[in-house]
Amino acid sequence: MANASVAAPKKHKGISYEKWGYFFIAPFIIVYLIFNLVPLLQTFYFSFFEKYTNTATWETIERFVGFDQYVNLFTEGRIFSYLGNTMIMWVMGFIPQIVISLLFAYWFTSVRLRLKGLGFFKTVMYMPNLIMAAAFSMMFMLLFSNIGPINEIIKNFTNGEAFAFMGHTWSARGLVALMNFLMWFGNTTILLMAAMMGVDASIVEAAEIDGCTSSQIFWKIVLPIIRPILIYVLITSLVGGLQMFDVPSILTNGKGNPNDSTTTLIMYLNTLISRSKNYGQGGCVSVVIFIICAVLSMIVYYFFTDAGVEKREKRKSFKIAKGGK
Amino acid sequence: MATSKTKARMNAYDEDKSIGLTIHRIVCYVVLSIFAFLAIFFFYLLLINATRSHNEIQTSLSLLPGNNLLINLLGDKSGNSKFVGVLNDPNLMILQGLLNSLIVSGLSALLSVYFSGMTAYGVHVYNFPGKQAFFNTILLIMTIPTQVSALGFYNLMNDWKLTNNFIPLVIPAVAAPTVFFFMKQYMESSLPIDIVEAARIDGSNEFRTFNEIILPILKPAFAVQAIFSFTASWNNYFMPALILDKPEMKTMPLWIAFVRGRELATLNFGEVYMVLALAIIPVMIVYFCFSKFIVAGVTLGSVKG
Amino acid sequence: MKKRILTALLASAMILSVAGCDSTSEPATTTAGGAADTTTAAPVADDGDTTTAAPVEDGDAAAEQGKVLNIYCWNTEFQERYNAYAADVGEAHGVTVNWVINTNEGGVYQNKLDEALLAQADAAADDKVDIFLIEADYALKYTNSPYCMNVADLGITADDLANQYAYTQQIVTVDGALKGVTWQATPGLFAYRRSIAKEVLGTDDPAEVQAQLSDWTKFNDVAAKMKEAGYTMLAGYADAYRTYSNNVTTPWVVDGNLVVDDNIMKWADDTKVFQDNGYSNKDVGLWSDAWAKEQGPEGKTFGFFYSTWGINFTLLGNSLADANAPQEVGNGIFGDYAVCEGPQAYYWGGTWICAATGTDNTAVIADIMKKLTCDTATMKQITLDTQDYTNNKAAMDEIANDPNFGSAFLGGQNHIALFAAAAGNIDCSNISAYDQLCNENFQQCMNDYFMGTVDKTTALNNFYTKMKDTYPELNVPQA
């Protein structure tokens with residue numbers, strides 16, 4: 001499999017090509033260092049300072065405080081409820097998204113189904129992602145507003161009482177999740193499809209001849225092959241989810257209502273830095289967000305990559321070998 | 001849930017191939033049609049609203065076009081209002097905005113897929129010392145939210161006198177961690193190293209191998225990421241809002257914010273949706289140009305041989 | 001094919017990036033009519049060599065005057081006024097106007113303005129901010145800063161300003177010195193449906209309706225009657241907010257302490273009653289689609305608090321059945337609205353013109369201010385042309401006393417007369433630099449209380465937390 005081939009160059013004797021790697025990664029590194037590293041280090045640095053602009057006096061306050069802001073952040077604890085909000089809304093959107101996307105990608109690439117009109121379906125799925133979040137949410141609000149078509153239907157069952165979608169915690173979170181889902185399922189479908197197209201049809205055919213069922217083919221053959229892309233989808237979606245900002249922010253006018261239940265980590269960060277340029281507290285929150293993102297991504301990455309997976313796979317296939325046939 | 005049903009269908013298919021397959025196909029078509037409808041619906045609604053007046057949009061939802069298309073585009077000639085129309089407003093440099101967006105997004109997409117793809121290739125093919133550390137670092141970088149360093153970034157650009165310039169919006173695209181990560185993962189599942197070795201034996205130098213052999217093979221992956229990068233850059237409001245304020249430099253998201261930010265007495269949703277529609281049409285065209293890679297489903301057959 | 005597209009893209013990009021670079025050293029001229037080519041660019045120096053030049057003498061009209069007038073604003077309203085009524089002033093002084101327009105959304109306008117003002121001292125003469133515009137909700141942030149010139153130092157005298165409404169000066173006066181001027185006054189009124197008034201109150205005469213709405217107790221009584229008749233008194237939860245928040249006894253922030261005035265709490269309590277009794281619709285905010293619909297033919301709401309600019313633009317637009325048909329009786333509920341003073345005087349909106357410290361265009365700024373905010377003839381014309389209510393007692397009284405003046409939309413009523421009366425009663429001595437977000441956040445947080453999601457204490461605490469997050473220098477109470 002792919003992993004074996006990665007190791008191949010080691011065996012290649014003669015001229016060493018390995019140093020070429022540096023040339024290939026150089027532009028990336030140079031650009032990153034020039035444009036991104038300094039601001040990033042600044043962010044870390046500021047997190048140890050109290051640093052903001054006083055709106056009334058225009059003074060910039062700058063004072064070294066060490067870890068005080070971190071201590072405050074954790075003792076106050078709001079960051080955890082914002083993390084909770086973020087994760088809840090992400091999971092609510094991501095689960096349907098990955099299920100639908102896997103299903104569609106499988107349908108689209110299934111040789112056996114031979115669906116017609118696939119060009120149309122494939123093209124259309126990604127279209128919501130072309131609309132910017134601001135426009136999307138404007139239209140979403142038209143649909144779900146008190147006088148929108150959804151509420152016209154609801155009113156038939158409630159004696160004309162409209163349901164305020166953005167006024168209740170779970171419906172507000174649900175709308176955020178639904179919108180994220182609608183905006184991103186096409187994107188994920190395309191990615192998974194690209195991965196599934198890489199699955200050699202002859203392997204699938206061979207499995208069919210051997211009498212594997214569709215679901216066996218899907219779980220035992222297709223899924224393992226597309227695993228790297230699946231990891232990509234999972235991690236980028238997780239990171240994207242943790243960075244969730246524009247959808248809840250636009251839907252709630254930046255306020256995270258009701259009762260702060262749709263305030264995400266980045267919305268909190270944005271509140272800190274938008275007016276008072278509170279780079280101190282903002283830097284501190286940034287570092288914490290960064291650590292959360294990094295830890296979760298690394299867990300996902302190493303959970304699904306070679307070492308862990310191979311162990312689990314072995315155990316499973318052993319079971320199947322014993323009980324399956 | 002849909003999956004368990006599908007599984008049931010799949011099993012049924014094994015029992016009775018022809019009937020099972022037909023049912024399965026019907027289920028597929030129904031589900032796909034529902035989602036296709038959802039996907040098109042918002043796009044359609046946006047275009048419909050561009051043909052309606054402010055008050056119509058504000059007070060009711062319609063699925064039929066209104067008769068305000070020309071008014072939104074060229075202004076109110078009847079004299080009922082002083083609305084001059086999206087194309088005739090001297091303050092609203094829409095065509096320039098479209099061009100600016102095209103430049104910024106086009107270049108960003110090109111740079112990010114080419115260079116980040118190249119980086120992924122470098123990591124995939126070569127076993128240089130520090131490779132794993134580099135890979136882990138990019139994975140870490142990817143998790144950093146834009147907002148975290150945006151203000152530092154702005155200050156830096158300000159110091160370098162690069163505000164009101166496209167450079168800060170375009171060049172950083174070279175280092176796109178998500179594109180890198182995707183290409184890396186894609187290569188891992190679909191690009192055997194043998195092909196590189198074959199090229200070496202043919203005497204191809206390393207960069208030529210990448211540009212002339214690997215790039216064409218990975219076209220579908222590049223196309224997909226190009227679309228994603230282009231769209232993301234096209235719809236990006238945050239960075240351009242920090243960097244640009246000269247009207248002739250503004251990109252479309254800034255013009256959308258401009259018409260949305262009009263004083264309440266002259267706020268006109270017909271105008272807002274018209275600008276949105278104008279902003280989405282080019283991105284649609286670009287999408288349809290590239291989408292054939294998605295649709296045609298270019299397989300990696302050539303690699304397998 | 002795609003190759004060609006890419007090549008074309010790249011080629012055009014090259015050309016444009018070059019053009020883009022060039023244009024950075026050129027003043028962005030979006031002058032009247034957008035005829036960029038007619039503006040023979042005023043001498044523009046490179047950033048590099050003039051940064052140290054041009055010593056600036058505040059307030060000395062005789063000082064050497066610059067040729068580029070940089071105006072910072074967030075929309076095109078002032079630009080339209082300038083182009084229509086004061087462009088000749090700029091021409092007479094030979095200045096080229098450079099509009100720097102940044103949207104208010106996400107605080108972009110204030111951020112850009114702040115950066116420019118902070119860099120003002122080091123900026124080249126032609127790059128300095130000359131005029132900037134502000135709104136009442138954050139006026140104090142700028143008028144209280146060293147970046148805002150005294151109007152008197154521009155050579156504008158008390159005599160020039162005599163016709164302006166007192167409140168419009170009060171907002172921008174710091175320690176007795178006037179810091180800005182405005183061409184508009186924005187007194188608010190209560191616009192109600194004549195048909196509903198007739199049905200429920202037995203009269204649609206503005207004076208008689210006003211008698212039944214003249215204080216909050218009476219107002220609430222009418223609300224109960226409306227409910228009985230199947231109407232709502234107000235459309236949403238925030239409709240009456242301005243009438244309360246304009247009549248407070250303490251500003252939002254006193255000596256760095258966040259204070260919720262009793263009258264603001266009264267708004268929360270009164271609104272809770274309104275919402276629970278069904279006198280207004282739940283979760284309907286200002287400017288939402290449901291709010292706009294209530295103002296139209298299908299609306300079931302008795303009235304709306306609206307100030308000058310809202311009535312003949314927004315309310316009129318929303319009242320029509322067919323936006324493209326002539327605006328006349330028979331189209332929707334055109335003609336069914338009337339206005340009265342309502343329970344309390346208030347204002348809503350308004351834009352002030354300020355001169356930035358360090359400007360090299362004091363003479364032309366003074367003349368623009370005089371033309372747009374002091375000249376009775378010009379201001380009367382603005383009102384007649386645009387229906388905007390201008391900040392000039394003499395001009396407005398003239399129209400108010402004109403027996404032939406009436407608004408067809410308001411059933412022939414002379415609303416200017418009512419505005420003129422209301423404008424004199426506005427008191428806005430209690431403002432702070434933080435009002436914008438205080439008002440926004442307070443309404444938003446209290447909506448959770450109105451919806452029953454949280455209790456009042458939690459809502460208040462949420463408000464305090466939000467304010468502290470945004471403004472770390474504030475001391476916030478604990479509810």
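Which domains does the domain assignment of chain C give? The assignment, which is automatic or taken from a database, gives domain 1, covering 25-185 + 350-395, and domain 2, covering 188-346 + 426-470. Before I go on, please keep in mind that this is a predicted model, in which local features need pLDDT of at least 70 and side-chain atom pairs count only at pLDDT 80 or more, while totals for chains, interfaces and linings use all residues. Residues are numbered from 1 along each chain as its sequence is written, and chains are lettered from A and ligands numbered from 1 in the order in which they are written.

Back to chain C, where the C-alpha centres of domain 1 and domain 2 lie 33 Å apart. The contact between these domains takes 13 residues from domain 1 of chain C and 13 residues from domain 2 of chain C, where two residues count as in contact if their C-beta atoms, placed from the backbone, lie within 7 Å.

Let me turn to chains A and B. Here 83 residues of chain A are in contact with 85 residues of chain B, and on the chain A side helix α3, residues 20-46, gives the most, with 16 residues; helices are DSSP runs (H or I) of at least four residues, numbered from the N terminus.

Finally, C:Ala139 touches C:Ile134, C:Ile171, C:Val172, C:Trp352 and C:Ile431, if we leave out residues up to four places away in sequence.

Technical notes: Helix = DSSP H or I, 4+ residues; strand = E, 2+ residues; numbered from the N terminus.
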